[in-house]
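Here's a quick briefing to read alongside the structure. Have a look at the picture first, then work through the notes below.

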Amino acid sequence: KHNNKPINTSTLTQIPRTFDYQIYGENPPPTYTVMQGKSFCKCWTLLNLSSFTWIGCTLICRYTTSSLTVKEEIISIRNTPPGNTVDIVCELYANTPGICYQEWQMYDADRNPLFESDRVLSQKIIILETSDLNKNGK
């Protein structure tokens, strides 16, 4: 038989919530070269190492250079229990030649950062002109 008495929560020890992730996969790699005028997708596979399920989380582009256009600056992340992975995909467009940098931060459902400010997903993208490809190919 089950005992359905109320639990006295004052005697319970609060288990601290831990917040962490690991980049389990990344495509293309963190430094990537693309031709001007091309669209491409970036995919991170994150492993939830937190002590709780990520529910209602988003990935928000905190910084990008003007040489890149981000199709969606706020990307919804499907609910991800601890120990599970989730693929996060962003679509980008290479506007003008140059070296570009991006930083993405994960936020909870209330738009509070989930991780410390130095725990961002970042990438460096080198955008080449078509003429640069022709020079390098000769």
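By the rule used here, the count comes to three salt bridges, where a salt bridge is a side-chain nitrogen of Lys or Arg within 4 Å of a carboxyl oxygen of Asp or Glu. Keep in mind that this is a predicted model: local features need pLDDT of at least 70, side-chain atom pairs count only at pLDDT 80 or more, and totals for chains, interfaces and linings use all residues. Residues are numbered from 1 along each chain as its sequence is written, and side-chain values use heavy atoms, with hydrogens and water left out.

**Salt bridges**

- E26 forms a salt bridge with K42, and their closest N and O atoms are 2.9 Å apart. E26 sits in strand 1 and K42 in strand 3, so this pair ties together parts that are 16 residues apart in sequence. Strands, by the way, are DSSP runs (E, at least two residues), numbered from the N terminus.
- How exposed or buried is K42? K42 is buried, with a relative accessible area of 0%, while E26 is partly exposed at 24%. Buried means under 20% relative accessible area, exposed means over 50%, and partly exposed is in between (1.4 Å probe, protein chains only).
- R62 forms a salt bridge with E103, with the closest N and O atoms 2.8 Å apart. Here the link goes from strand 4 to strand 8, so it ties together parts that are 41 residues apart in sequence. R62 is partly exposed, with a relative accessible area of 37%, and E103 counts as partly exposed at 29%.
- K71 forms a salt bridge with E91, and in this pair the closest N and O atoms are 3.6 Å apart. K71 lies in the loop between strand 5 and strand 6 and E91 in strand 7, so parts that are 20 residues apart in sequence are tied together. K71 is exposed, with a relative accessible area of 59%, whereas E91 counts as partly exposed at 35%.

- An open sheet of five strands has the order 2-9-8-4-6, with mixed pairing. Two strands pair if DSSP finds at least two bridges between them.
- Its edge strands are strand 2 (31-35) and strand 6 (74-76), and each of them pairs on one side only.
- On average, neighbouring strands of this sheet are turned by 30 degrees against each other, direction ignored. For such angles, axes are lines fitted to C-alpha atoms, and angles run from 0 to 180 degrees between N-to-C directions.
- Strand 8 and strand 9 run antiparallel and are joined by seven bridges. In this region, I99 stands opposite I126 in strand 9.
- Strand 4 runs antiparallel to strand 8, with six bridges joining them, and pairs with strand 6 in the antiparallel sense over three bridges.
- Which residues are the bridge partners of T58? In strand 6 the partner is S76, and in strand 8 the partner is Y107.

- Four strands form another open sheet, in the order 1-3-7-5, with antiparallel pairing.
- Strand 1 (21-27) and strand 5 stand at the edges with a single partner strand each, so one side of each is left without a neighbour in the sheet.
- From one strand to the next, the twist averages 30 degrees.
- Strand 1 pairs with strand 3 in the antiparallel sense over six bridges, and G25 stands opposite T45 in strand 3.

**The nonpolar core**

- The largest nonpolar core has 27 residues, and those with the most contacts inside it are L46, W54, L59, I88, W104, M106 and I125. Such a core is a set of buried Ala, Val, Leu, Ile, Met, Phe, Trp, Tyr and Cys residues joined through side-chain atoms within 4.5 Å.
- Several strands each supply at least two residues of this core, including strand 3 (39-48), strand 4 (58-64) and strand 9 (121-128). Strand 7 gives the most, with five residues.
- L59 touches residues including W44, I88, W104 and M106, not counting residues up to four places away in sequence. Contact means heavy atoms within 4.5 Å.

**A buried asparagine**

- N48 is found in strand 3 and is buried, with a relative accessible area of 1%.
- Leaving aside its neighbours within four places in sequence, N48 is in contact with D20, T53, W54, T80, P81, P82, G83 and N84.
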